[in-house]
Amino acid sequence: MTLLWIVLIPLIGAAILGAVGHRNSGFSVNIAVSAATLLAAGAMTVRVLRGGSFSALDHELFIDPLNVILVDLTALVALSTSVFSRTYMRTEARLGHLNAARLRLYHAMYQLFIFTMLLALTTNNIGILWIAMEGATLSTALLISLYRTPASLEAAWKYFILCGVGIALALLGTILVYFAGHAALGAHRALLWTRLHGVKDELDPAVMTVAFVFLIVGYGTKAGLVPFHNWLPDAHAEGPTPLSATLSGLLLNVALYAIVRFKALAPDDAASHWPGRLMMGFGLASVLVGAFSLGGQRDLKRLFSYSSVEHMGLATFAFGLGGPLANFAALLHMTGHSLTKSSAFFASGQVAQTAGTKDMDRITGVMDRAPASGWALMASSLAIIGTPPFGVFASEFLILTAALRKAPWTVPLLVLALGVAFATIFRRTQAMVFGTADAARTRTPPALIVSFAHLALVLVLGLAIPHVLAIWYAKAARLAGP
Amino acid sequence: MTHPTRIIDLLAALFLLVAFAMLSQRRLANLITLYAWQGTVLALSIAILAYETGNTHLYASAILNGLLKILAIPALLRRLARRLDVQWDRESLVQIPTVMLIGLGLVIFAFNAALPIAGLAHTVNHETVGIALASVLLSLLMMILRTAALSQVIGFLALENSLIFAATSVTGGMPMVIEFGVALDVIVGVFILGVFFFHIREQFDSLDLDRIEGRED
């Protein structure tokens with residue numbers, strides 16, 4: 001039953017918020033719904049860690065140590081984003097950027113978006129997975145253009161068309177996997193991932209090759225892999241900040257999760273390392289393009305969105321390497337990135353709101369003006385560029401270790417990209433945070449508490465990964481395939 | 001070879017023909033009509049497959065696709081075109097004969113790529129799979145070449161048609177839940193796009209994407 005609740009709560013929440021989302025109480029209802037989702041996720045996690053994987057609704061929904069990580073992450077970041085948006089979106093409404101109707105749209109679509117992601121994560125049916133991912137595109141398209149500015153409409157259009165085409169190709173891939181499974185499983189069961197995984201050696205390798213190419217291009221578009229990443233910086237920069245935080249922190253993870261599930265369907269024998277190679281290639285390209293695009297950015301949120309391209313590339317690369325160590329590192333990296341990046345977006349959204357601009361050249365003296373925002377932005381930036389002792393450093397270190405063992409030639413490229421990203425982001429943020437303030441000191445915004453909470457969690461991941469967590473992630477890493 | 005399979009082959013050829021016609025058509029009203037024709041061919045071929053295999057859920061799928069793609073979506077698109085007052089797509093950068101040649105190249109490529117899949121599918125001809133894949137590529141080509149927002153969307157919808165055609169011809173139809181889910185996504189998507197168009201026009205006084213994307217120059 002817990003498994004059903006985890007998808008039902010946000011869906012019911014979306015319906016309620018569709019009715020009351022424009023009122024002042026809408027913010028509190030949003031937080032309450034997200035908190036209830038997190039509670040359900042917590043109950044489910046305890047059950048999985050004690051008793052192992054289980055399924056519901058005649059195997060249509062299932063949960064194992066791999067997807068429960070992402071379910072927890074989704075529920076957690078969804079809660080903290082709803083807490084952040086209470087202050088942030090209220091200010092936006094007060095500044096006249098939003099009216100009541102759009103606020104209601106925002107609240108309802110926010111919960112619908114969380115619902116589609118949780119459904120994509122917990123479903124066992126690869127067809128439903130596709131429908132949920134498409135639902136995520138549809139529910140967020142109107143959120144990106146929430147402010148109705150020319151730039152945001154352009155961003156939403158780009159997002160809709162690029163992700164729509166991407167996801168259509170993923171449907172073709174899904175159809176081909178269904179076709180490959182048809183012979184072994186019959187029409188009824190050939191869409192269930194657990195069943196497909198059980199007969200993965202009987203699936204036709206030629207068809208699976210073609211299918212995986214379509215799937216990695218399709219879901220890779222949503223994960224922001226180069227060269228399909230064009231929508232990502234626009235969507236992140238032009239949408240409201242809570243959306244940027246959830247897109248980067250959650251949606252990219254869910255899309256990558258889909259790719260990883262399909263990679264696990266590839267046969268085990270040594271001759272078929274092509275899905276891994278493909279993922280390594282796309283991942284490496286994303287790391288390099290992401291890191292080298294950072295330098296040309298002037299918009300604060302665009303800076304962090306290119307950093308998302310880089311980090312998702314790194315996680316994809318690590319899954320491509322395969323094996324327990326690289327998979328463990330990739331999962332840790334996804335966790336660390338998701339917490340840190342949402343914190344970075346909270347901080348930068350707050351800074352941009354106070355300064356009235358997203359242009360980094362015109363933001364200065366944040367530390368003088370609003371110390372809490374300054375600390376949050378500085379610490380998030382340090383964490384995201386992989387400064388020890390934050391968790392992202394630990395996962396990047398593990399990924400490099402795994403790469404040294406399996407594909408040593410990639411290490412110099414990775415180190416170069418990470419170094420470039422470090423230098424660019426650090427130079428940019430320190431110029432904004434320090435320097436003289438050009439306006440009077442403002443009251444500390446309470447919304448940034450969630451940013452510090454995320455950073456504290458990332459710090460724990462970096463200093464000493466708790467024993468329970470280490471065992472759990474190692475189990476999940478084995479599920480992600482060789 | 002039985003009669004139903006021959007009819008399906010004929011319909012597949014028609015499907016490809018409509019895809020080419022859409023590629024060359026610049027008048028929006030005609031483009032929408034062609035889209036409706038494509039939907040008709042799709043629904044008919046699903047119905048014939050249902051008759052041949054005796055699969056009841058394929059009949060439901062044929063009715064669903066027919067209602068959606070012959071009636072609902074074309075009506076919606078016509079209404080949009082009328083209210084937005086767009087009739088012609090702008091002259092594209094690539095001449096129509098060149099587009100046709102590129103399209104031919106894509107068809108040859110698709111037939112080659114379909115070989116391994118068709119080798120496994122005992123139910124259908126190699127040609128049908130190749131045609132389905134070719135139509136997917138042709139729809140993508142149409143989306144790349146068009147500059148008007150509405151014709152890009154029709155390209156996107158044609159892409160979805162080709163995917164459903166591929167699904168029915170390769171696997172004999174996806175389970176009903178999935179068909180309904182896909183249909184729901186399409187209809188919601190078209191509605192959202194409709195809303196979008198009005199927002200875009202409000203801001204730009206135009207539905208020409210070149211003008212929207214070039215606004216910084």
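Author: This is a predicted model, in which local features need pLDDT of at least 70, side-chain atom pairs count only at pLDDT 80 or more, and totals for chains, interfaces and linings use all residues. Residues are numbered from 1 along each chain as its sequence is written, while chains are lettered from A and ligands numbered from 1 in the order in which they are written.

Reader: Are helix H12 and helix H13 of chain A roughly parallel or antiparallel?
Author: Helices here are DSSP runs of H or I with at least four residues, strands are E runs of at least two, and both are numbered from the N terminus. Axes are lines fitted to C-alpha atoms, for helices over the stretch in contact, and angles run from 0 to 180 degrees between N-to-C directions. H12 (residues 300–321) and H13 (residues 323–355) of chain A pack at about 170°, axes 8 Å apart. Under 35 degrees is roughly parallel, over 145 roughly antiparallel, 65 to 115 roughly perpendicular and the rest oblique, so H12(A) and H13(A) are roughly antiparallel.

Reader: Which residues have the most contacts inside the largest nonpolar core?
Author: A nonpolar core is a set of buried Ala, Val, Leu, Ile, Met, Phe, Trp, Tyr and Cys residues joined through C-beta atoms within 7 Å. Buried means 20 or more other C-beta atoms within 10 Å of a residue's own, exposed 12 or fewer, partly exposed in between, with C-beta atoms placed from the backbone. The largest core has 251 residues, and those with the most contacts inside it are A:Leu176 and A:Ala318.

Reader: Which helix gives the largest share of this core?
Author: The core has 251 residues. Its largest share is 22 residues, from chain A's helix H6 (residues 150–185).

Reader: How many residues of chain B are in contact with chain A?
Author: Contact means that two C-beta atoms, placed from the backbone, lie within 7 Å. On the chain A side there are 31 residues, and on the chain B side 33.

Reader: Which helix supplies the largest share of the side of chain A that touches chain B?
Author: Elements of chain A giving two or more residues to that side are H5 (126–144), H6 and H8 (205–223). The largest share, 16 residues, comes from H6(A).

Reader: Is B:Leu42 buried or exposed?
Author: B:Leu42 sits in helix H2 (residues 28–53) of chain B. Beyond four places in sequence, its contacts are B:Asn65, B:Lys69, B:Asn161, B:Ile164 and B:Phe165. Because B:Leu42 has 23 C-beta neighbours inside 10 Å, it counts as buried.

Reader: What is the distance between the end C-alpha atoms of helix H19 of chain A?
Author: The expected span is 1.5 Å times one less than the number of residues. H19(A) (residues 467–479) has 13 residues, so it should span 18 Å; the end C-alpha atoms agree with that, at 19 Å apart.

Reader: Which residue just after H19(A) takes a positive phi?
Author: Inside H19(A), A:Trp472, A:Tyr473, A:Lys475 and A:Ala477 are buried. Just after the helix, a positive phi of about 95° is taken by A:Gly481.

Reader: How many residues in the contact of H3(A) with H4(A) are nonpolar?
Author: Ala, Val, Leu, Ile, Met, Phe, Trp, Tyr, Cys and Pro count as nonpolar; Asp, Glu, Lys and Arg as charged; the others, Gly among them, as polar. H3(A) and H4 (residues 100–122) of chain A pack at about 170°, axes 10 Å apart. Their contact has no charged residues, three polar and, as nonpolar, 11.
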